[in-house]
Amino acid sequence: MNNKIKLFSIKKEHESASKHVSGKAKYADDIHEPKNLLHAAIGYSQIAKGKIKSINLKEVAKSEGVIDVITYKDIPGINDVGPVFKGDPIFAKKNIEYFGQPIFSVAATTCELARKALRKAKINYLKEKPILEIKDAIKKKSFVLKTKVIQKGNVNKSIKDSNNTIEGELFSGGQDHFYLEGQIALTIPKEDNNYLIYSSTQHPSETQQIVAKVLKQKFNSINVRIRRIGGGFGGKETQSFIFAAISALLARKTGNPIKLRIDRDDDMIITGKRHDFYYKYKVGFSNKGKINGLDLLLASRCGISPDLSGAINDRAIYHIDNSYFIPNIKLVSYRCKTNTVSNTAFRGFGGPQGMFCIENIIENISKYLNIEASIIRKNNFYQKNKNNITHYNMKVEDNCINEIFKDLLKKSNYKKRKKKIIEFNKKNTILKKGISITPVKFGISFTTTHLNQGGALVHIYTDGSVHLNHGGIEMGQGLMTKIAQIAANELGLSTNEIKITSTDTEKVPNTSASAASASTDINGGAVVNAINKIKNNLALFITKNYKYKGKAIKYKNNKVLFGNKSIDFKKLISLAYLNRISLSSSGFYKTPKIFMNKETLKGRPFLYFSYGAAVSEVIIDTLTGENKLIQVDILHDVGKSINPSIDLGQIEGGFVQGLGWLTTEQVSWNVNGNLTTHSPSTYKIPVSKDIPEKFNVNIYEKGFNIEKTVNRSKAVGEPPLMLALSTFMALKNAVNNNNLKAPATPENILMALQE
């Protein structure tokens with residue numbers, strides 16, 4: 001591979017774009033409903049902590065249309081859907097640990113009748129005082145996992161010897177996934193006690209495994225299939241399991257197909273969110289803002305169980321440096337247990353929370369020294385040949401942040417705009433402006449090493465058409481489009497010749513979740529591996545049949561070229577079939593070079609880094625706290641892009657979702673532990689008016705991956721979300737207060753202004 005690689009087939013549009021806008025795209029709820037289908041609904045706890053004194057479901061069972069009711073007593077296998085650690089019961093047995101914890105489920109002839117029946121349950125509780133806040137959990141030593149500590153250098157001495165020292169506290173909020181398609185599962189009983197499950201999940205293989213354990217059956221008796229899901233963002237990596245399990249339990253008991261479709265309010269109440277974080281820091285730095293030492297406490301709200309909190313908090317630790325070399329550092333990471341729903345994966349997987357902390361610290365150093373923050377950032381960047389070892393001992397070899405940052409400063413006209421903003425703020429007392437530029441360095445790979453593997457299955461039929469299947473999930477991010485392009489490029493065909501079918505555990509087993517921004521790398525690599533096996537078979541046939549002694553065989557423009565000869569691809573395939581050459585193969589890929597010590601958190605958790613930078617300009621009303629994003633300029637590195645149109649869409653979408661996390665999407669519980677933000681009327685995601693009129697997004701033209709990924713491309717799913725940190729820092733700049741809390745809602749802005 002070299003940096004001049006160009007893909008043969010550039011398909012600009014998303015492969016399902018026309019189906020999306022026409023309504024022809026099939027999601028789980030669009031699947032033809034089988035005969036005798038029943039609809040399910042979940043009855044859940046109305047308190048945050050306590051015990052069930054008594055439960056009476058007789059009236060529920062007698063309710064119109066109800067066919068059956070199940071509780072924990074109806075589970076033949078394990079009553080747990082925890083992905084890594086136990087602690088996520090399907091149905092509460094006695095103890096209640098959060099408001100919204102499932103207790104029973106109903107199967108009825110219609111969805112409306114099932115939901116209506118839930119209200120007739122009579123449950124008496126013995127209430128207990130819940131732990132709701134991170135600080136309370138720390139005080140009471142309430143944790144879901146053991147505390148992690150990572151250290152590099154002599155932190156105390158480096159801070160003590162520094163010219164300057166500051167310390168403080170920071171808070172970053174949670175975030176609901178708010179996917180367009182809610183949680184849903186459809187289970188269809190098959191012969192021999194087998195089950196086919198259509199689940200809106202990012203992880204079909206683990207859905208298969210979890211359901212099998214719940215039903216106390218072998219994995220091979222469960223088949224999970226899904227064509228596409230209407231958004232996931234991490235919220236369907238593990239949180240989808242409970243819905244598939246309940247659907248399967250009811251299907252087993254009734255013998256009927258069961259559809260469990262959750263409405264928006266119940267979805268938001270029952271499922272976990274992005275972890276909110278509390279930070280306490282002390283930092284020592286030079287007169288030029290160069291960080292010498294950082295002593296930091298990170299604490300996150302995990303909810304009632306570990307879920308994926310271990311890996312999420314680990315990634316927050318790995319990304320605490322963002323793009324900055326910190327020679328001496330000590331981090332203590334608390335994984336707090338609270339009586340709230342278990343928080344889970346969310347786009348960035350802890351990385352945004354880590355970067356939020358260090359970017360705030362940089363801003364605070366800037367204010368303390370009265371030096372422009374962009375200068376402080378440049379003074380702390382990782383360098384090419386020195387100051388390039390992270391606190392977890394990985395060498396940063398692909399660093400291009402200095403170039404990207406410099407280019408964006410120039411292209412965005414940052415310095416002149418900054419001067420104008422200073423003059424504007426001097427002349428205006430009510431309206432205030434702010435501007436900030438922030439970098440992103442985001443590691444690509446699952447930090448749990450064994451998950452970095454993928455599989456594929458490729459068939460070439462005798463007419464030259466290609467059938468392809470792999471373990472990745474299409475969430476709207478364009479994965480299938482990119483995979484089709486990769487296959488087409490390898491075979492020298494148009495993407496019209498490539499057909500990718502539903503992700504299916506019967507076709508490709510033991511796959512990893514579509515997560516960690518690694519789906520194209522992993523599944524694309526597996527597809528290339530499968531195709532290369534078929535091409536090797538064809539090469540042997542060409543050598544023998546055409547007496548070709550050379551090694552170079554090229555696939556281009558629907559032809560196969562060797563020496564001074566060429567043959568139509570379709571003709572070659574037909575001849576190969578007649579000569580009994582295998583035209584089908586499985587493929588496999590595992591990410592190279594990565595390794596980690598889980599205890600010390602030292603090693604190489606990532607294959608490479610994706611980089612980017614963003615400039616945001618904002619204006620606030622100091623009387624109301626209202627704010628507006630005026631302009632955004634982004635320059636982002638995607639390596640050698642497989643599909644620039646899709647990558648640009650991911651950069652734009654990721655930024656806007658990050659904007660929501662940092663400015664509008666406030667997750668709140670009341671004093672009783674009830675979630676108060678559980679619908680669009682109480683929870684505000686970004687809308688069209690939140691997007692700036694001037695939204696300049698560009699792909700870094702010199703981008704190139706030094707690692708041998710497909711086409712030398714780089715991941716683009718998660719990294720752009722953190723570009724939105726520039727907006728929060730710009731608001732902080734406008735407010736002129738170190739203690740602005742995220743999200744920067746009008747209320748939080750007013751509070752910061754009053755301070």
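1. Basis. The model is predicted, so local features need pLDDT of at least 70 and side-chain atom pairs pLDDT 80 or more, while totals for chains, interfaces and linings use all residues. Numbering starts from 1 along each chain as its sequence is written, and side-chain values use heavy atoms, with hydrogens and water left out.

2. Domains. The assignment gives domain 1 (3-8 + 453-590), domain 2 (31-129 + 183-229 + 236-270) and domain 3 (277-447 + 597-754); the bounds come from an automatic or database domain assignment. Taken over C-alpha atoms, the centres of domain 1 and domain 2 are separated by 39 Å.

3. Interface of domain 1 and domain 2. Contact (heavy atoms within 4.5 Å) involves 18 residues of domain 1 and 15 residues of domain 2. The two domains bury about 1400 Å², 48% of it on carbon and sulfur atoms; buried area is the accessible area (1.4 Å probe) that two parts lose on being put together, summed over both. One salt bridge is found across this interface.

4. Salt bridges. The rule asks for a side-chain nitrogen of Lys or Arg within 4 Å of a carboxyl oxygen of Asp or Glu, and the count comes to 36. Among them, Lys253 pairs with Asp68 at 3.3 Å, N to O. This pair links distant parts of the chain, with Lys253 in helix 7 (residues 241-254) and Asp68 in strand 3 (residues 66-70), 185 residues apart. Helices (H or I, at least four residues) and strands (E, at least two) are DSSP runs, numbered from the N terminus. Arg225 and Asp504 also form a salt bridge, at 2.9 Å, N to O.

5. Helix 17 and helix 18. Helix 17 (residues 644-663) packs on helix 18 (residues 725-735) at about 40 degrees, with the axes 8 Å apart. Axes are lines fitted to C-alpha atoms, for helices over the stretch in contact, and angles run from 0 to 180 degrees between N-to-C directions. The pair is therefore oblique, the class left after roughly parallel (under 35 degrees), roughly antiparallel (over 145) and roughly perpendicular (65 to 115). Residues in contact include Phe655 and Trp661 in helix 17, and Phe728 and Leu731 in helix 18.

6. Backbone. The peptide bond from Ala742 to Pro743 is cis, with omega near 5 degrees; Pro743 lies in the loop between helix 18 and helix 19 (746-754). Phe178 has a positive phi, near 45 degrees, and sits in the loop between strand 8 (164-172) and strand 9 (184-189).
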